[in-house]
Amino acid sequence: MAPAGPKRLRRPAASQEAGTQISIWDAAAGGLLKEMGVKPSHVLPLMRALVAHIIEGSGSCAKAPCGSEAAKQPSAEEAWAALGVSEASLVDLGFLPRKAAAELLKTLAPFSTKLAAEPLMSADGSTSKFLVELRDGHKVETVVMRHEQRTTICVSSQVGCQMGCTFCATGTLPVVGDLDAGEIVEQLIHAHALEAKAGRPPVRNAVFMGMGEPLNNYNSVLSATRTMTDVGHLGKFALPPARVTISTVGIVPRIRQLADDLPAVNLALSLHAPTQELRTKIVPAARHHSMEELMAALDAYAAKCNKPMAHLLAK
Ligand code: SF4
């Protein structure tokens, strides 16, 4: 019998938990805005205006939703006020009536996450990392890497990881939980805001190489990637799909599905070993799919997405 894996903690989406603060990045936010009386055609322009304000505005991430570990999460109204957003300024945007503006300030926060501590910067300034505290107190790491004019964010998709790779600290964590789509997108918005505040170029690339196996949290990663690459949603802060890379240790059915769902983004496979025998020692979860099955899935993905195989094995 296979040894029991780490306990998997189900983290329901914020919108499914009573009394939980929902942010404008939650997958349910668009529907809630419509229920408040925002016209469907105004939802995305409103989101773009809010995104620009959060990232470039008076407060930025470091002022309201983020803060020291001791700081409690502000209410939605407090967080918006700290960003300089009021009922009147929302109405002035021209996308929502006064009643909806008042409801938005109470119901949807600018963030559901916060920075748990000040970001840490490498001595040469090329890399920084920050700890993001989720609404239930779990923490994940986000890394920002700067190479000349190319700034790349490395995002986390899970708390812990059930793949158990022997070389990886995340794989040894006892509890595993999935981030929801909003929590993944918020890592990008925090990074955008921190870079803007420091006067550095905006983030232009994203890699799913932080904590977790992204293809084990497929629906949230799919939804987050669609938002992160949607100009309609994020305006000039959206990332080109070709600059987003999803990294996997090899979840065969999901690799095949990804070719249909996100053909324009990149896939990177961490093979780790040239033989199945050695691979299963390093990546225990690899025992579920033979090397032949994995290569067949990659062939199918490469053919469907018109990407050379060598590009998939780059990591
Ligand atoms: S899949 Fe990635 S995050 Fe998970 S244990 Fe392996 S290396 Fe670590």
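**View 1. Gln 187, a buried residue in helix 6 (residues 181–197) of this predicted model**. Gln 187 has a relative accessible area of 0%, so it counts as buried (under 20% relative accessible area; exposed is over 50%, partly exposed is in between, with a 1.4 Å probe and protein chains only). Helices (H or I, at least four residues) and strands (E, at least two) are DSSP runs, numbered from the N terminus. The Gln 187 side chain makes a polar contact of 2.8 Å with the side chain of Thr 142. A polar contact here is a pair of N or O atoms within 3.5 Å; within protein, one must be able to donate a hydrogen and the other to accept it, and residues adjacent in sequence count only if both atoms are side-chain atoms. A polar atom of the Gln 187 side chain also sits 2.8 Å from the backbone oxygen of Ser 156. Leaving aside residues up to four places away in sequence, Gln 187 touches (heavy atoms within 4.5 Å) a set of residues including Phe 130, Val 132, Ile 153 and Leu 179.

A word on the model: it is predicted, local features need pLDDT of at least 70, side-chain atom pairs count only at pLDDT 80 or more, and totals for chains, interfaces and linings use all residues. Residues are numbered from 1 along each chain as its sequence is written, and side-chain values use heavy atoms, with hydrogens and water left out.

**View 2. Pro 214, in the loop between strand 11 (205–208) and helix 7 (218–228)**. Pro 214 is another one to look for on the inside: at 1% relative accessibility, it counts as buried. Ile 246 is 32 residues away along the chain, yet its C-alpha atom is 7.0 Å from that of Pro 214. Ile 246 is also among the residues that Pro 214 touches, along with Ser 157, Phe 208, Val 221 and Ser 247, not counting residues up to four places away in sequence.

**View 3. Lys 307 and Asn 306, in the loop between helix 11 (291–305) and helix 12 (309–312)**. Lys 307 is buried at 15% relative accessible area, whereas Asn 306 is exposed at 69%. A polar atom of the Lys 307 side chain lies 2.9 Å from the backbone oxygen of Pro 263. Beyond residues up to four places away in sequence, Lys 307 touches Pro 263, Ala 264, Val 265, Asn 266, Tyr 301 and Ala 302. As for Asn 306, its phi is near 55 degrees, a positive value in a residue other than glycine.

**View 4. His 272, in the loop between strand 13 (266–269) and helix 10 (276–282)**. Phi of His 272 is positive too, near 70 degrees, and this residue isn't glycine either. His 272 is partly exposed, with a relative accessible area of 37%.

**View 5. The largest nonpolar core, with 79 residues**. Such a core is a set of buried Ala, Val, Leu, Ile, Met, Phe, Trp, Tyr and Cys residues joined through side-chain atoms within 4.5 Å. Trp 25, Leu 33, Trp 80 and Met 228 have the most contacts inside it. The core lies between domain 1 (18–109) and domain 2 (114–312), because both give residues to it; the domain bounds come from an automatic or database domain assignment. Leu 33 touches Val 38, Val 43, Leu 46, Met 47, Leu 104 and Leu 108, again not counting residues up to four places away in sequence.
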